[in-house]
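Please read this briefing alongside the sequence and the 3D structure shown below. It starts with a pocket and then turns to the fold and to selected residues.

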Amino acid sequence: MSRDTTFTPKSLSASEYVRELFESSDNVAVLARNRGTGKTVQRIAKAETIAGPEFQEWLAVHNTSGSDVFVGMNPIKDGAYTRTKDNLKEIRHVYLDLDKHGDQSLEAIRNSPSVPAPNFVLDTSSGKHQVVWRVSGFSQDEAESLLRNLANQFGGDVAATDSTRVLRLPGFANRKLSGHFIVQALHESQAVHTPRDFAIPDDSPETPRHIGDDHEHSRSLPVDHKSQSERDWAFAKRALARGDDPEEVIRRIADYRADDKHDPEYYARHTVTKALAALQSKSTEARAANGQGTNGTEIDYDHIGKR
């Protein structure tokens, strides 16, 4: 059974969670995204600053005003102002976003001999979870390959498999919901895991870009199955909406579709261009409906906590 029996699980506040994820001097990205206005504000600051009361109060104001609050899962290089793959300092965490059948997927992880016990489990809403492992010795390519395979193995969100991913910060309301579900984090293990601790097979037959290669498999697809192009489109919109650099989103999609597109860069750029236009149109409509003008989505990349 995948449990750390030497550690007593405990709930963590937002400040405690940040301190557990990072060293105090690490540069960390935090995002506040308002679903009503489309505005995404990103801050890059030292972990000790983010965990402090002043920064937490700033996040609470955004959350109360309707914003979801997220934290980047890997530290950023000194002097970097954007959360791109090239600006990541190192891989500290791998993770899964369990949106569908979350309770069953989490139970499968806990009982799997193929993966170690999670370090952190976040309850993001009823029956939905985010699972985080603390790791070392991973390159970015190795981490992203593992993320895809974990998602395929345990039914995670395959769009949430990039090393620049942001996940929810505990202690704040999930504004995606009509109610006021407060995200909770449970600290379950202090272990640090290496690539050898994950025995997940590569190129799972459930990998979306391989589905449909044979006729018998395609006939058994669920009725809500989406094509890989639809998944790419959804990923592009989600990544852009949370403030990711469009060129980085293009590169991620092109890398992922390199094996099955004649011109993956053209395909990726076309997908991202359409996604940008769709988001801009949605933001403009939302702002017009709220009487706020039509200046589009505002993305603020101010860097605070810099020394």
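The residues that line the second largest pocket divide into eleven charged, six nonpolar and three polar, where Ala, Val, Leu, Ile, Met, Phe, Trp, Tyr, Cys and Pro count as nonpolar, Asp, Glu, Lys and Arg as charged, and the others, Gly among them, as polar. This is a predicted model, in which local features need pLDDT of at least 70 and side-chain atom pairs count only at pLDDT 80 or more, while totals for chains, interfaces and linings use all residues. Residues are numbered from 1 along each chain as its sequence is written, and side-chain values use heavy atoms, with hydrogens and water left out.

**The second largest pocket**

- The second largest pocket has a volume of about 370 Å³, a volume being the space filled by probe spheres set on grid points that are joined across faces, edges and corners.
- Of the 20 residues in its lining, Glu 144, Arg 148, Thr 161, Arg 252 and Tyr 256 are the closest to the centre of the pocket.
- A pocket here is an open set of points on a 1 Å grid over the protein atoms alone, where a 1.4 Å probe fits and protein lies on both sides within 12 Å along at least five of seven lines; lining residues have an atom within 4 Å of a point.
- Helix H5 (140–154), helix H7 (228–241) and helix H8 (246–256) are the elements that give two or more residues to this lining, and H8 gives the most, with five residues.

**Overall fold**

- The protein has nine helices and ten strands, taken as DSSP runs numbered from the N terminus (helices: H or I, at least four residues; strands: E, at least two).
- Of its 307 residues, 50% count as buried, where buried means under 20% relative accessible area, exposed over 50% and partly exposed in between (1.4 Å probe, protein chains only).
- Among contacts between residues at least 6 apart in sequence, 70% join residues at least 24 apart, a contact being heavy atoms within 4.5 Å.

- Strand S5 (residues 93–98) is largely enclosed by the rest of the structure, because six of its six residues are buried.
- His 93, Tyr 95 and Asp 97 point one way from S5, whereas Val 94, Leu 96 and Leu 98 point the other way, and all are buried.
- S5 runs antiparallel to strand S7 (residues 128–134), to which six bridges join it; two strands pair if DSSP finds at least two bridges between them.
- Within this pairing, Val 132 of S7 is the bridge partner of Tyr 95.
- His 101 is found in the loop between S5 and helix H4 (102–110), has a positive phi of about 50° although it is not a glycine, and counts as exposed at 59% relative accessibility.

**Strand S9 and its partners**

- Three bridges join S9 to the antiparallel strand S1 (residues 10–12), where Leu 12 has Ala 185 as its bridge partner in S9.
- Four bridges join S9 to strand S6 (residues 120–125), also running antiparallel, and here Val 121 has Leu 186 as its bridge partner in S9.

**Thr 271 in helix H9**

- Thr 271 has its place in helix H9 (residues 264–289) and is buried, with a relative accessible area of 6%.
- Leaving aside neighbours within four places in sequence, Thr 271 is in contact with Asp 232, Trp 233, Ala 236 and Ile 253.
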